[in-house]
Amino acid sequence: MKKRNKKTVKIESLFTPLSSVFAILVGLLLGFIIMLVSNPSQALSGFSLVLKGGFEDGLAGIGKVLYLATPIMMTGLSVGFAFKTGLFNIGASGQFIVGAFAAVFVGVKGKEIPPNLHWIVALAAAMICGGLWGAVPGILKALFNVHEVIASIMMNYIGMSLVNLLVTKTVYDRFTNRSYPVMASANIPKWGLNKIFPFNSTNGGILIALFFVLLVHIVLNKTTFGFELKACGHNPYAGKYAGISAKRNIVLSMVIAGMLSGIGGGLDYLSGAGKFIQVVDVLAPEGFNGIPVALLGLSSPIGILFSSIFIANITAGGFNLQQYRFVPEVISIITASIIYFSAFSLLFKGLLDKYVLGKKKGNDGGDEADDEEFGKKVEEDVEVLRGGEEG
Amino acid sequence: MEDYVIEMLNITKEFPGIRANDNVTLKVRRGEIHALLGENGAGKSTLMGVLFGMYQPEGGTIKINGKEVKINNPNDANDLNIGMVHQHFKLVHNFTVLENIVLGVESVKSGFLKMDDAREKVMRLSENYNLKVDPDSLVSDITVGMQQRVEILKMLYRDNDILIFDEPTAVLTPQEISELMRIMKELTAEGKSIIFITHKLNEIKQVADRCSVLRKGKYIGTVNVAETEKEELSEMMVGRPVSMVVEKSEPKPGEVVLAVENLSMKGNGGKNALNNVSFNVRAGEIVCIAGIDGNGQSELVYAITGMDKFLSGKVILKGQDVSKKSIRKHTTSGMAHIPEDRQKHGLVLQFTLAQNLVLQSYFEKQFQTFGFIKFDSVEKYALELIEKYDIRSGQGTMTLAGNMSGGNQQKIILAREIDRDPELLIAVQPTRGLDVGAIENIHKQLVAQRDSGKAVLLVSLELEEVMNVSDRILVMYEGEIVGELDPKTTDLKELGLYMAGTKRGSGYEKAQ
């Protein structure tokens, strides 16, 4: 009897990663169906290109994947970190672009800064401005209980418009309707990565992003601060009971999330890959892509490391699709379906619960609230019995 | 042949790894009150879930009125005229009594409600069964006892013949309990049959005809209540003789540890949740706050522990005014708190056993250096507490708190709070939902705290607990303390009068 109990516990703990995998599979399947509909004869070869992604082009392709993964790894960390504290940071986009502007501004104007420090100062500026942008919804939530989703969505638009305004006022190239290129000293060093992966845009940014993955992992799992953040995130009432200041943690968590997104913006626009801030009314997609990255990575830094590389990989595959006369938007559809199904994965978990564990919930009809309360009681029955067995 | 209204024969219901009902048989005669007795986890709820069609049993048959039936969902159960009064009422608070009774089975004529017929039927039922209600008052304005009568009328209005009462007395005063007992007897006299789920032996002795006992999912037996002693019933339920009395010596009260002075707190609506509450708790005594749920006990605890702001007054802990201090300051000044809702406040269910054990002390030098958690110390400490307080779990320190049984969850909290060696232990309904064995253990721990010279403030709704464990009883009614009683000289009846607000002690007169 005891062994069987342990087994059920194990199966249960597998469900969550399993549900991510399930979401990916169903998302890919849906993408394949769409490809079949739009171009049946080449769907299969096109689909294998998507799966191969960057690996199609050998080391250069991997370099491209790493380059594409860098910004979404940072915004994914940003969203995931806030998630762990029970906050939904949908404002990564605004924090990203504000950070990007700060980096570009310092990169263009910072002639006085010693060249070997230039990129560091620019990146620090990106971090600080991103943090400020995250602080606003955090403070609003902590002091006035304004929902962070509303506040950070608004901050996205304010950030976008403000950056457009500031670019035209300060670092604007009229002929191209975009920001000036940053000075060479402001670009992130390559650290030889472009030699290992022969792709022009590959740069040290991925190493910096990896450093932050590790840092966030340590903060969340090894420190008292992370302990507090997670306690509040899982159960704010228990957090309060344990004397943890929820307000302080909400603000800090949003500031840190903002900083991570801001660095993402900095890394992206200092990559030396010829990226400029366009003066257009479009929210930075890198910010929103952080949400699926965080969801697929189950908000854990290590998970986010892999999910960002996965999404970057199929994005790289999407570019290659064009040779088969597919539009790269197919990849957006596939990622969108993956996100869609990661929400459904909860349903999938419910189905598993029902059929594998036999937890039948109350039937329709009848009084649902009654059933729910009763279901809980029965679960307690089962639980107490289990406790008895273990003893 | 005997006339059985319900026969549940050899019911077996399995959940993965567990048999929640193992060959259980329950036969209810027409017109009897049949008690279903068992500890938490004995399988009472599962059995009723099967009867209501929420679970399909793996084995066994159900007969209603002698005819074998298959109950696939709660609607089938309704069609068979089976009804249930839940422990927590399902009433719409801003509806009138009448509206609540007809809710879901309204009779309509071309889209308009026909309330007159309904009113007539309700009034007739109310008269027949002697269930006094005012059909036009709002549910939010009537007492808990009357709300329960509304629930009963709801079942009668639906012509239910088989009535299930799920621990119906938990929220009632002693007076309301005896009123309910009278109603139950009246109902059976009119030909209804009742299943009465409980673990309170007194009530079974008072009202039930027969009693079926479950233990750990197994059917132990059915007895005639009149011929069975309480001790026998409890032994059937627990499987061993249980001492019903808490053993303790005379209290030796010392200096004042907690002084509450003129505490007032705002409540929902116009009324104050707390009104000018003052009392002391001294070292070496257990002071119990008794009262019916919702009379300001929770608010009082929130105010004392710093979890909620209050309007005026002072909370003084060991001579130090902690009124405006943070919750953390309360904790580190020697206050421990076993919260009312262990899953909401007391535990982070997604955290491991070890993490929960340091929830109130992770920031101490012992467990961290420069903000980095010392996992070795945490692990060592957790193992120590698991051993010392006999906390049982599947995977040791790594077990998620959410995967543990209620009794063991409570042990985590108890261990964490007591082991910090507090001067004052505040325990709010510490035995709620626990079985007899676990209750015995918690009472022992509370008395041990007292005997080691600590102050204990117990908030309880269980009258037995109030009478057995405490050294002094303070009764709360509508946010005020209405009297102080000595458990040795008072009785349940007097306590009930205070709890219902009909009596006040000298020195506790109503403020004009």
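## A guided tour of chains A and B

In chain A, among contacts between residues at least 6 apart in sequence, 76% join residues at least 24 apart; a contact here means that the C-beta atoms of two residues, placed from the backbone, lie within 7 Å. The model is predicted, so local features need pLDDT of at least 70 and side-chain atom pairs count only at pLDDT 80 or more, while totals for chains, interfaces and linings use all residues. Residues are numbered from 1 along each chain as its sequence is written, and chains are lettered from A and ligands numbered from 1 in the order in which they are written.

**Chain A**

Begin with chain A as a whole, which holds 15 helices and 2 strands. These elements are DSSP runs numbered from the N terminus, helices being H or I with at least four residues and strands E with at least two. Of the 391 residues in chain A, 51% are buried; a buried residue has 20 or more other C-beta atoms within 10 Å of its own, an exposed one 12 or fewer, and a partly exposed one a number in between, with C-beta atoms placed from the backbone.

Next, select helix H6, residues 148-170 of chain A. Its 23 residues reach 31 Å from the first C-alpha to the last, close to the 33 Å expected at 1.5 Å a residue, where the expected span is 1.5 Å times one less than the number of residues. Among the buried residues of H6(A) are Met155(A), Gly159(A), Met160(A) and Val163(A). Their cover includes helices H4 (92-109), H5 (115-144) and H11 (246-269) of chain A, together with strands E1 (172-173) and E2 (178-179).

Now colour the largest nonpolar core, which has 95 residues; Phe101(A), Ala103(A), Ala126(A) and Leu270(A) touch the most other members. Such a core is a set of buried Ala, Val, Leu, Ile, Met, Phe, Trp, Tyr and Cys residues joined through C-beta atoms within 7 Å. Helix H3 (residues 58-84) of chain A gives the largest share of this core, 14 residues. Centre the view on Leu270(A): residues that it touches include Ala103(A), Trp119(A), Leu123(A), Val182(A) and Ile188(A), leaving aside those up to four places away in sequence.

**Chain B**

Turn to the open sheet of 6 strands in chain B, whose order is E18-E21-E22-E15-E23-E24, with mixed pairing; strands pair if DSSP finds at least two bridges between them. Strand E18 (335-338) and strand E24 (480-485) of chain B form the edges, each pairing on one side only. From one strand to the next the twist averages 20°.

Finally, select E21(B). E21(B) runs parallel to E18(B), with 4 bridges, and parallel to E22(B), with 5 bridges. Met335(B) stands opposite Leu424(B), while Val428(B) has Val459(B) as its bridge partner in E22(B).

How values were computed
Axes are lines fitted to C-alpha atoms, for helices over the stretch in contact, and angles run from 0 to 180 degrees between N-to-C directions.
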